[in-house]
Every structure is written in C-alpha cells, then in structure tokens.
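Subject: Structure handover

Hello,

Here is the structure for you to look through. My notes on what was found in it follow below.

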Amino acid sequence: MSNRPTISDLAAELGLSKSAVSNALRGVPLVSAETTARVQEYARERGWRPNAAARALSLSRSDNIGIVLVQVDSLLGTESFYMSAIAGIERILSPQGKNLLLRTIDSPDDERSIYESWITEGRVDGVILFDRLVDDARPRLLDERQLPYAFFGDADDASSAELVIEETRTIVTHLAALGHRSLLFLGGPAELAHEEERSAHLTSISAENGMASRIIRGGYSIADGRNGAREGIAAGDVTAVIASSDLLALGAATELAASGRDDVAIVSWDDSLLCRYSPVPLTALDRRHAESGEIAARQLVNAAYSTGLHPVPHRPSELLIRESSRPHLSRVP
C-alpha cells in the first residue's frame, strides 16, 4: 500500500473541501489564487504526485456520470427521495451533454467492484456518491484512481455536518416550543454518517433545551417505524417522535394510531407525498433534494470537466408544519 498522500488527505490537513483541493491542484479558476498557491505548495511539501496511469485514463472522456445505489429493503420503489435527487442531477447534466449511468445493487460490498470496473473500462468520467459512511473507503479508492466524485448532500457554502446541526436545531426547537420534554428518535442504520451526526446533535441540542431523548436505530421501512414506536413508547414517557425518514414517520404514525395514542407529536426528517396525505398529515423538513442533486452535479461537472459552472448557495431546509405537530398536554388550554 502506497503512503503517498491522496487529495482527501490534503483536504483534511488543509481544512478545505476535496473539490477545492482538486481544483487548486489542476489550476482550475474556481478557487482563489491565494488558495491555489497554498494548496500547491503544501502538496509539494507532502510529496503528492498525480497517478500517471489514472491521469492517462482520464484523458479519454466518456461523457458519462455514474451513480451506484444500494437497494436496501426495496426502498427505491417506495422512496420519492431518490427520484427527486436524480431529477435535480439530470437538470445539470443534460444541458452539459452528459449522460447518467445508474446501477442498483443489493449489497454495499458490490459497490467497489463496480467503480473498479467503470474505471478500468473508462465507462464514466466521475461519480456522485450517496450515503456517506462513518468509515467510508470510497473517497480513498477514487482519489487513488483519480476519478472525480462529489457527495450528494454536500453544499458549496456549508459542510454536511453544519447542515445536520441546522436541521436538528430546527426540529428540536419546534417541539420544545410546543412544550415537549421527552423525545424519541427513530434513526436509520448506524453505519451512515448522517445518522450518526443526527443522533449526536439531537442528544446535545435536546439537552440544551431541557429535553430527554431516546434513540432507536433500524432500517427505513414502515415496519421499522412501527416497531421502533412500539418499543420506544413502551420504554418510557415519550411525548414526541422524530423519524429519520418519511416511511419511518408513517410507520410510527400508524403504530401510534393503532395504540390509541393521539397525544404524541410526530416530525419527519424528510418530506414527501406520504407525509402530506397521511391520515394525520405529518410535519416534515423539506430538505430540497432536487436542489441538492443540482449542487452535487455542479460540483462534479466542475471537477471532471473544468466547466466553471457557478456554485449556488444552499437554501436551508424548511419545516412544514402540519397536524402532527401536537402540543404537549401541558400546553393545551
């Protein structure tokens, strides 16, 4: 294994984004002259060198952008999230004359082999990555092979962690204003970085607001939402449920209704038609997935083709308040 630093290493050490470092190393005029000089000087000091084989391969363009999605619990057929995200990506790729190459897989273990195959065959000029992992090996692989990439959900003007803090505070302060003091968070798989961040920030921000919190993690299905709500309500005095997805929220709402609990508030971290037309319409965050798709596509097109598309500012997620925002009984007149 080579000890040569990668672009990800340089980005972490300099406190910059991977795309900013990549652009600076290639002299693309999307970063300031000062930043370009700093990055290039630091890269020389650290002994960074481009991968010659990967560079030669990159000279042949396919005009394809790749996406690999893990089809967990058949959610691709029920989640509107993916279609919204892909629609936003296509809004940028199509005018640029770029094509989207989409693969779905059953296991994340298959993802690396697909990237290796695409790189060897010259099938794609870059990839958009979904679902950042806590210990994510994909960036190092792609850096070593010099295949440009962008993460869905990263904004040009804010880190993914900053966005999660912003969203968590929006949800928790909303429930605190309704008088709730005991929260149940139904989260997704622990290996996903955004789930780890949501859990950590929800715990700390809830405590700041004098609220107790309990976390139950599982999958993203309606059944997971029902099971998590049943377990959480049985374990303690929960007055509000925060669900990490629309399907989890709908499952929680279904279980609470079946249990006769019409006094529990519910907030979904993702909005969709399921939230709007649930028997009790669910309060949810509009996280603007199509816009996030556009941002990721812009980042990748700039990195892969040096097109100089202007970055767009991140618009904060908006909490859409519906009937499930029930006040705590102590607040009811």
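**Notes on the fold and the pocket**

Strand β5, helix α9 (residues 193–208) and strand β6 make a right-handed β-α-β unit. Right-handed means that, with the strands pointing away from the viewer, the path from the first strand over the helix to the second runs clockwise. Helices (H or I, at least four residues) and strands (E, at least two) are DSSP runs, numbered from the N terminus.

The model is predicted, so local features need pLDDT of at least 70 and side-chain atom pairs count only at pLDDT 80 or more, while totals for chains, interfaces and linings use all residues. Residues are numbered from 1 along each chain as its sequence is written, and side-chain values use heavy atoms, with hydrogens and water left out.

**The six-stranded sheet**

Six strands form an open sheet in the order β6-β5-β7-β8-β9-β10, with mixed pairing; two strands pair if DSSP finds at least two bridges between them. β6 and β10 (318–320) stand at the edges with a single partner strand each, so one side of each is left without a neighbour in the sheet. From one strand to the next the twist averages 20 degrees. Axes are lines fitted to C-alpha atoms, for helices over the stretch in contact, and angles run from 0 to 180 degrees between N-to-C directions.

α9 packs on this sheet and touches β5, β6 and β7 (240–243), contact being heavy atoms within 4.5 Å. The direction of α9 makes about 165 degrees with that of β6. Helix α11 (residues 246–258) lies across β5, β7 and β8 (265–268), and runs at about 165 degrees to β8.

Two pairings show both kinds of direction. β5 (residues 182–187) and β6 (residues 212–217) run parallel and are joined by six bridges, with G187 opposite R217 in β6. β9 (residues 283–286) and β10 run antiparallel and are joined by three bridges; here L285 stands opposite L319 in β10.

**The four-stranded sheet**

A further open sheet has four strands in the order β2-β1-β3-β4, with parallel pairing. Its edge strands, β2 (99–105) and β4 (149–151), each pair on one side only. Three bridges join β3 (residues 126–129) to β4, and I128 stands opposite A150 in β4. α13 lies across β1, β3 and β4, at about 160 degrees to β4.

**The largest pocket**

The largest pocket has a volume of about 1,200 Å³. On a 1 Å grid over the protein atoms alone, a pocket is an open set of points where a 1.4 Å probe fits, with protein on both sides within 12 Å along at least five of seven lines; lining residues have an atom within 4 Å of a point. Grid points are joined across faces, edges and corners, and the volume is the space filled by probe spheres set on the points.

The lining has 50 residues, and F130, D131, R132, L192 and H194 lie nearest the centre. α9 gives the most to the lining, with five residues.

Regards
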